[in-house]
Amino acid sequence: QVQLVESGGGLVQAGGSLRLSCAASGRTFSSYATAWFCQAPGKEREFVAVISWSGGSTYYADSAKGRFTISRDNAKNTVYLQMNSLKPEDTAVYYCAATRSYYGRSPPTPWSSSGYDYWGQGTQVTVSS
């Protein structure tokens, strides 16, 4: 079992940057594929990006491509989301999620929240215009 704790959220102006961190407990975190989702008020949770256990494979939502970068440091049991060129519509609570049900690879449908077994509590990102 793994526990996930997000940090790094905050208030930023449009065009600015933030780096979110997802710190995991457990010695086997390096065997988990890990993703970021976001949920804006009144909206469903949306997929942002996913990274395989080794970091060798990543996949992004169209809205994140070219602006966000997911990475991981398994020595630190941490996954990151670097967010650049932020827009007001990026305002949301950002959650990290993890699974090892696919041998460290991304779920077949990585955009579906049902593919992940563990979730953090979220960190708020607010982008002002």
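S7 stands opposite S21 in strand β3, one point of contact in the pairing of β1 with β3, which run antiparallel and are joined by four bridges. The model is predicted.

- The loop between β7 and β8 (78-83) contains N74.
- N74 has a relative accessibility of 25% and counts as partly exposed, since the range for that class runs between 20% and 50%.
- N74 and I51 are 23 residues apart along the chain, and their C-alpha atoms are separated by 12 Å.

**Strand β9 and its partners**

- Strand β9 covers residues 92-99, and eight of its eight residues are buried, so the strand is largely enclosed by the rest of the structure.
- β9 pairs with strand β4 (residues 33-39) in the antiparallel sense over seven bridges.
- Within that pairing, Y94 of β9 is the bridge partner of C38.
- β9 also pairs with strand β11 (residues 123-128), again in the antiparallel sense, over three bridges.
- V93 stands opposite Q124 in β11.
- Strand β10 (residues 118-119) is another antiparallel partner of β9, with two bridges.
- A98 stands opposite Y118 in β10.

- Five of the six residues of β5 are buried, and the strand is mostly covered.
- β4 and β5 run antiparallel and are joined by five bridges.
- A35 has V50 in β5 as its bridge partner.
- The hairpin of β4 and β5 has six residues between the strands, and G42 there takes a positive phi near 75 degrees.
- On pairing with strand β6 (residues 58-60), β5 forms three bridges in the antiparallel sense.
- A49 stands opposite Y60 in β6.
- The hairpin of β5 and β6 has six residues between the strands, and in it G55 takes a positive phi near 85 degrees.

**Cysteines**

- A disulfide is a covalent bond between the sulfur atoms of two cysteines.
- The link of C22 and C96 is right-handed, with 60 degrees about the S-S bond.
- C22 lies in strand β3 (residues 18-24) and C96 in strand β9, so the bond ties together parts that are 74 residues apart in sequence.
- C22 is buried, with a relative accessible area of 0%.
- C96 is likewise buried, with a relative accessible area of 0%.
- C38 is in no disulfide, and the nearest cysteine sulfur, that of C96, is 13 Å away.
- C38 has a relative accessibility of 11% and counts as buried, because the class takes residues under 20%.

**The largest pocket**

- β4, β5 (46-51) and β9 are the elements that give two or more residues to the lining.
- β5 supplies the largest share of the lining, three residues.
- By residue type, the lining divides into eight nonpolar, three polar and seven charged residues.

Definitions and conventions:
Residues are numbered from 1 along each chain as its sequence is written. This is a predicted model: local features need pLDDT of at least 70, side-chain atom pairs count only at pLDDT 80 or more; totals for chains, interfaces and linings use all residues. Side-chain values use heavy atoms; hydrogens and water are left out. Buried means under 20% relative accessible area, exposed over 50%, partly exposed in between (1.4 Å probe, protein chains only). Two strands pair if DSSP finds at least two bridges between them. Ala, Val, Leu, Ile, Met, Phe, Trp, Tyr, Cys and Pro count as nonpolar, Asp, Glu, Lys and Arg as charged, and the others, Gly among them, as polar. A disulfide is a pair of cysteine sulfur atoms within 2.5 Å.
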